[in-house]
Amino acid sequence: MLLIREEDVRALLPMPKAIELMRAAFLDLASGRAVNQPRRRMVLPTRSVLHAMAGAGPAYFGTKIYTTHPQHGAHFLFLLYEVETAAPLALFEANCLGQLRTGAVTGLATELLSPPAADRLGLIGSGFQARSQLEAVLAARPIRQIRVWSRSEARRTDFAADCAREFGVPVHAARSAREAVEDAPIVVTATSAKEPVVAAEWIAPGALVNAIGSNQATRRELPAELIRQAGLIVVDSLEQARFESGDLLLAVPPEEWHTLPLVELAEVAAGRAGPHPAGSVTIFKSNGLGLEDVYAAGYVYERARQNGRGVQLPVYS
């Protein structure tokens with residue numbers, strides 16, 4: 001059994017490959033070759049929370065277990081197993097794994113749902129997930145300009161400068177959230193906000209909005225008006241969205257979701273739904289699936305074995 005560290009994941013999983021893996025995961029989900037088990041949470045009186053989510057594909061299955069505390073941060077681990085024998089294969093330090101696969105799913109949604117010639121990105125957020133979101137959109141579309149806004153002027157300025165150097169594309173620190181997203185054909189919200197960070201009237205007709213920051217029923221990044229106006233709403237899992245997608249739950253009661261143009265990403269990947277109607281806004285609401293971790297981790301495990309990376313751990317039976 002291998003211990004695969006953060007630096008191994010970063011070295012072995014380039015973003016274009018991660019997007020390819022996410023496409024395979026959702027195609028397998030659409031065909032029934034893969035399954036996903038939604039996230040469950042155990043909340044303690046200390047405000048510590050244990051989160052668990054799982055998935056399985058044809059070759060590998062696994063579970064991500066992570067803990068969070070509002071004052072002490074988050075700690076991510078992932079366990080990978082072999083489908084054929086149920087043997088444990090690898091234990092991952094999984095912060096980077098989660099960042100990359102979350103970005104890659106946005107990259108996949110952007111390939112499937114955004115205008116092919118879209119060349120501008122409006123990004124809200126400059127924290128834990130924002131860099132991989134930016135990287136994924138760059139891998140999916142010919143982006144020539146990025147505008148980013150977050151609450152801290154210093155953080156968004158540093159983030160813009162760092163990303164411009166790293167990715168070789170102009171990244172501007174916007175003076176307001178409106179300035180960041182207005183007229184952008186692709187928008188990403190990657191925040192920890194409880195209330196909407198954009199207004200419906202700021203979003204350009206025909207734009208794709210990737211909302212990835214909230215996976216709790218009481219938090220949202222998008223206003224109800226934008227949800228109700230959208231021509232197409234895509235989620236990674238309807239089952240999971242029904243109890244943790246605050247962007248939808250706070251806009252429309254679940255018993256009325258049948259009135260929404262709501263489909264799963266697997267259906268879009270398989271060509272059975274989408275893309276958006278011309279001129280209308282499309283929303284991709286990402287909650288994050290255990291299945292995504294399985295496909296990313298399986299690839300990294302194979303590469304780690306090929307390249308002699310990782311630390312061998314004893315397995316007791």
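## Ground rules

Contact here means heavy atoms within 4.5 Å. This is a predicted model, so to speak of local features a pLDDT of at least 70 is needed, side-chain atom pairs count only at pLDDT 80 or more, and totals for chains, interfaces and linings use all residues. Residues are numbered from 1 along each chain as its sequence is written, and side-chain values use heavy atoms, with hydrogens and water left out.

## Phe-92 and the cores

Skip the neighbours within four places in sequence, and Phe-92 is in contact with Ile-4, Val-9, Phe-76, Leu-77, Phe-78, Leu-80, Ala-297, Val-300 and Tyr-301. Phe-92 also belongs to the largest nonpolar core, which has 53 residues. A nonpolar core is a set of buried Ala, Val, Leu, Ile, Met, Phe, Trp, Tyr and Cys residues joined through side-chain atoms within 4.5 Å. Buried means under 20% relative accessible area, exposed over 50%, and partly exposed in between (1.4 Å probe, protein chains only).

Ile-4, Leu-80, Phe-92 and Tyr-301 have the most contacts inside this core. Helix H11 gives the most to this core, with 9 residues. There's also a second, separate core of 36 residues, which includes Trp-202, Ala-204, Ile-227 and Trp-257.

## Where H3 meets H11

Helices (H or I, at least four residues) and strands (E, at least two) are DSSP runs, numbered from the N terminus. The axes of H3 (residues 95-113) and H11 (residues 290-307) come within 10 Å and cross at roughly 110 degrees. That makes H3 roughly perpendicular to H11. For the record, axes are lines fitted to C-alpha atoms, for helices over the stretch in contact, with angles from 0 to 180 degrees between N-to-C directions. Angles under 35 degrees count as roughly parallel, over 145 as roughly antiparallel, 65 to 115 as roughly perpendicular and the rest as oblique.

On the H3 side, the contact is made by Leu-97, Gly-98, Arg-101 and Val-105, and on the H11 side by Glu-292, Asp-293, Ala-296 and Ala-297.

Arg-101 sits in helix H3 and is buried, at a relative accessible area of 4%. Its side chain makes a polar contact with the side chain of Asp-293 at 3.0 Å, and another of 3.3 Å joins the side chains of Arg-101 and Glu-292. A polar contact is a pair of N or O atoms within 3.5 Å; within protein, one must be able to donate a hydrogen and the other to accept it, and residues adjacent in sequence count only if both atoms are side-chain atoms. Beyond four places in sequence, the contacts of Arg-101 include Met-22, Met-53 and Lys-64.

The side chain of Gln-99 reaches the backbone oxygen of Phe-128 at 2.5 Å. Not counting residues up to four places away, Gln-99 touches Arg-10, Phe-128, Gln-129 and Ser-132.

## Leu-134

Leu-134 lies in helix H4 (residues 130-140) and counts as buried at 0% relative accessibility. Leaving out residues up to four places away in sequence, Leu-134 touches Leu-121, Leu-123, Ile-146, Phe-159, Cys-163 and Phe-167.

## Two loop residues with positive phi

Most residues other than glycine have a negative phi. Arg-47 has a positive phi of about 80 degrees although it is not a glycine. Arg-47 is in the loop between strand E2 (35-43) and strand E3 (49-56), and is partly exposed, with a relative accessible area of 45%.

Asp-183, not a glycine either, has a positive phi of about 70 degrees. Look for Asp-183 in the loop between helix H6 (177-181) and strand E10 (186-189).
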